[in-house]
Amino acid sequence: MITGAAVLAGVMGHPVRHSRSPLLHNFWLARHGIDGAYVPLAVAPADFATAVHGLRAAGFRGCNVTIPHKEAAFAVCSRVEDSARLAGAVNTIVFSGAEIVGSNTDGAGFLANLAAHDVADASPALLLGAGGAARAIAAALLAAGRAVTVANRSPARAAALQAQLPGLQVIAWDARAQALADFGLLVNTTSLGMAGQPALEMDLFHAEAGLVVADIVYVPLETALLAAARARGLRCVGGLGMLLHQAVPGFAAWFGVTPVVDDAVTALIAADIGRL
Ligand SMILES: NC(=O)c1ccc[n+]([C@@H]2O[C@H](COP(=O)([O-])OP(=O)(O)OC[C@H]3O[C@@H](n4cnc5c(N)ncnc54)[C@H](OP(=O)(O)O)[C@@H]3O)[C@@H](O)[C@H]2O)c1
């Protein structure tokens, strides 16, 4: 139940009905007995800036930003944190006094998920993909002092990422399997393996026994890559944990409590994904 004093936040996307953020944040609100609500906000691109200013005027504490607004959000923010600048995208907005502050929690969410699986020190990293998620993850790993190499189907996109992130190494897409022996962490950041997408072709033959295999795809929860890695006895990290952990900083900023990613919230969102 919410009262007239409820604290408000939400997620802006177009479409937004696929988002699991309302389920997640409202679970945490109920768990902590917070008088608040987190709502889905379907906002067309042309209305994005108006909608953000409108939320602020209506007393919201802030919002998450998802596809297709993550880049447009830069223009509407009066201050952008390093996490967003490095990731090239804003996924969290906090209204702070007169300021509209943008940040990106994907990289931190990925690292927190590794830590939750006790593999925080897995290194060096080979990232498959050079899209938006790869950029956020590579930036976070580099900032944490890790060596990061990217392999992407389109060489130009990998080169562009390398130009944006000093220290990033690049290898050819076709060299990814052979190169695996040099890495302690393999991360699929492509959309391959996601329900409705082609499978990721990744031969794990050259993997060392200590390799940690992470997939940020979370539909299905266990991708073919993770199943293959598990069958080889390798340690695996699924994508759902990143989704949950990236939500923590926004909730803390808006509602004043740092929520915990535990079995109950994981099971709730996993069950929702399983209903697909
Ligand atoms: N767990 C989480 O919290 C979380 C967070 C963010 C994203 N994700 C997931 O991560 C995935 C990527 O998201 P994104 O925003 O980074 O997408 P994106 O910016 O569109 O990038 C897609 C990447 O996939 C590669 N790719 C697509 N089709 C391919 C194919 N047939 N062969 C080889 N490579 C292919 C692209 O390579 P090219 O450059 O060659 O096109 C690119 O590197 C999505 O499945 C998304 O759901 C999960």
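**Helix packing and ligand contacts in a predicted model**

Biologist: In this predicted model, at what angle do helix 1 and helix 10 pack?

Modeller: Helix 1 covers residues 21-31 and helix 10 covers residues 248-255, and their axes lie 11 Å apart. The angle at which these two helices pack is about 50 degrees.

Biologist: Which term describes how helix 1 and helix 10 are oriented to each other, and what is the hand of their crossing?

Modeller: Angles from 65 to 115 degrees count as roughly perpendicular and those under 35 degrees as roughly parallel, whereas helix 1 and helix 10 pack at about 50 degrees. The pair is therefore described as oblique, and the crossing in which helix 1 passes helix 10 is right-handed.

Biologist: Which residues of helix 10 meet helix 1, and how do the residues of this contact divide by class?

Modeller: On the side of helix 1 the contact involves His25, Trp28 and Leu29, and these meet Val248, Phe251, Trp254 and Phe255 in helix 10. By class, the residues of this contact divide into 6 nonpolar, 1 polar and no charged.

Biologist: Which residues of helix 6 make the contact with helix 5?

Modeller: The axes of helix 5, residues 106-116, and helix 6, residues 132-143, come within 7 Å and cross at roughly 65 degrees, and the crossing is right-handed. Helix 5 contributes Asp106, Gly107, Ala108, Phe110 and Leu111, and the residues that helix 6 contributes are Ala136, Ile137, Ala140 and Leu141.

Biologist: Turning to the ligand, which residues around it come nearest?

Modeller: There are 21 residues around the ligand. Among these, the ones that come nearest are Ala133, Asn152, Arg153, Ser154 and Ile216.

Biologist: What distance separates an oxygen atom of the ligand from an N or O atom in the side chain of Asn152?

Modeller: A polar backbone atom of Ala133 is 2.8 Å from an oxygen atom of the ligand, and a polar side-chain atom of Arg157 lies 3.0 Å from a ligand oxygen atom. For the side chain of Asn152, the corresponding distance from an N or O atom to an oxygen atom of the ligand is 2.7 Å.

Definitions and conventions:
Residues are numbered from 1 along each chain as its sequence is written. This is a predicted model: local features need pLDDT of at least 70, side-chain atom pairs count only at pLDDT 80 or more; totals for chains, interfaces and linings use all residues. Side-chain values use heavy atoms; hydrogens and water are left out. Axes are lines fitted to C-alpha atoms, for helices over the stretch in contact, and angles run from 0 to 180 degrees between N-to-C directions. Helices (H or I, at least four residues) and strands (E, at least two) are DSSP runs, numbered from the N terminus. A crossing is left-handed if the near helix is turned anticlockwise from the far one by less than a right angle, and right-handed if clockwise. Contact means heavy atoms within 4.5 Å. Angles under 35 degrees count as roughly parallel, over 145 as roughly antiparallel, 65 to 115 as roughly perpendicular and the rest as oblique. Ala, Val, Leu, Ile, Met, Phe, Trp, Tyr, Cys and Pro count as nonpolar, Asp, Glu, Lys and Arg as charged, and the others, Gly among them, as polar. A residue is near a molecule or strand if one of its heavy atoms lies within 4 Å of it. A polar contact is a pair of N or O atoms within 3.5 Å; within protein, one must be able to donate a hydrogen and the other to accept it, and residues adjacent in sequence count only if both atoms are side-chain atoms.
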